[in-house]
Amino acid sequence: MNTGSNEPGAAETITGTKDGQPLGSRAPEFIQARRALHVSWQVGVFIVGLAVVVAGIIMLPLPGPGWLVIFGGMAIWATEFVWAQLVLRWTKRKVTEAAQRALDPKVRRRNIILTTIGLVIIAVLVGIYVWKFGFEMPWKIKE
């Protein structure tokens, strides 16, 4: 159920989304029908999602797809919790906007120019180092 506007990007209410799928629990009906079972289900989903998010946080400084795993944990939470669905929706919207901005010809041209300038500066610094010290590692230079 929309808030009344049929325009793309219109805000949704907590009771529904643009695609018609309601926010909230995606647990099977027989679980939702029993309060104690549903709360147990939510606790289980929260614990599994928390484990995945913590694993992603651990992967951030270590080798591994940290952010991807964190978003996977958020997706697990989003199967049961409205707050996670809203956070995931906001994140998807921001990533889409950033991707569209990055594809803008002016932004791409600026990024290419800045990258080229940076590479030229690095090449000059490496050239000066090699001219002055040769192909020696910095910790083996004797002066």
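1. Ile57 has a relative accessibility of 46% and therefore counts as partly exposed, where buried means under 20% relative accessible area, exposed means over 50%, and partly exposed lies in between, judged with a 1.4 Å probe and protein chains only. Ile57 has its place in helix α2, helices being DSSP runs of H or I with at least four residues, strands being runs of E with at least two, and both being numbered from the N terminus. Ile57 and Trp67 are 10 residues apart in sequence, and their C-alpha atoms are 7.7 Å apart in space.

2. A word on the source: this is a predicted model, in which local features need pLDDT of at least 70 and side-chain atom pairs count only at pLDDT 80 or more, while totals for chains, interfaces and linings use all residues. Residues are numbered from 1 along each chain as its sequence is written, and side-chain values use heavy atoms, with hydrogens and water left out.

3. For the overall plan, the secondary structure comes to five helices and zero strands, and reading along the sequence gives the pattern α-α-α-α-α. Of the 143 residues of the protein, 17% count as buried. The protein exposes about 10900 Å², and carbon and sulfur atoms supply 70% of this area, with accessible areas coming from the Shrake-Rupley method with a 1.4 Å probe, in which, for residues, only the protein chains shown count as cover. Among contacts between residues at least 6 apart in sequence, 35% join residues at least 24 apart, a contact meaning heavy atoms within 4.5 Å.

4. On the surface, a nonpolar patch is formed by Val39, Val43, Phe46, Ile47, Leu50, Val54, Ile58, Leu62, Trp83 and Val87, which together have about 840 Å² of accessible area. The elements that give two or more residues to this patch are α2 (35–59) and α4 (82–102), and α2 gives the most, with seven residues. Patches are made of residues with over 30% relative accessible area and no salt bridge, like charges being joined within 9 Å and nonpolar side chains (Val, Leu, Ile, Met, Phe, Trp, Tyr) within 5 Å. Val43 lies in helix α2, and Val43 counts as partly exposed because its relative accessibility is 44%.

5. Leaving aside residues up to four places away in sequence, Leu88 touches Phe71, Met74, Ala75 and Ala78.

6. The buried residues of α3 are Gly66, Val69, Ile70, Gly73, Met74, Trp77 and Ala78, and the buried residues of α3 pack against α2 and α4. At 1.5 Å a residue, the 13 residues of α3 should span 18 Å, and the end C-alpha atoms of α3 are 18 Å apart, which agrees; the expected span is 1.5 Å times one less than the number of residues in the helix.

7. The span of helix α5 can be checked in this way too: its 29 residues (residues 105–133) should span 42 Å at 1.5 Å a residue, and its end C-alpha atoms are 42 Å apart, which agrees. Just after α5, Gly134 takes a positive phi of about 80°.

8. His38 lies in helix α2 and counts as buried because its relative accessibility is 13%. Not counting residues up to four places away in sequence, His38 touches Ser25, Ala27, Ile31, Gln32 and Glu80.

9. As for charged pairs, a search of the whole structure finds one salt bridge, defined as a side-chain nitrogen of Lys or Arg within 4 Å of a carboxyl oxygen of Asp or Glu. The side chains of Lys94 and Glu97 meet in a salt bridge at 3.6 Å, N to O. Because Lys94 and Glu97 are three residues apart in helix α4, they are separated by about one helical turn. Lys94 is partly exposed, with a relative accessible area of 37%, and Glu97 also counts as partly exposed, at 29% relative accessibility.
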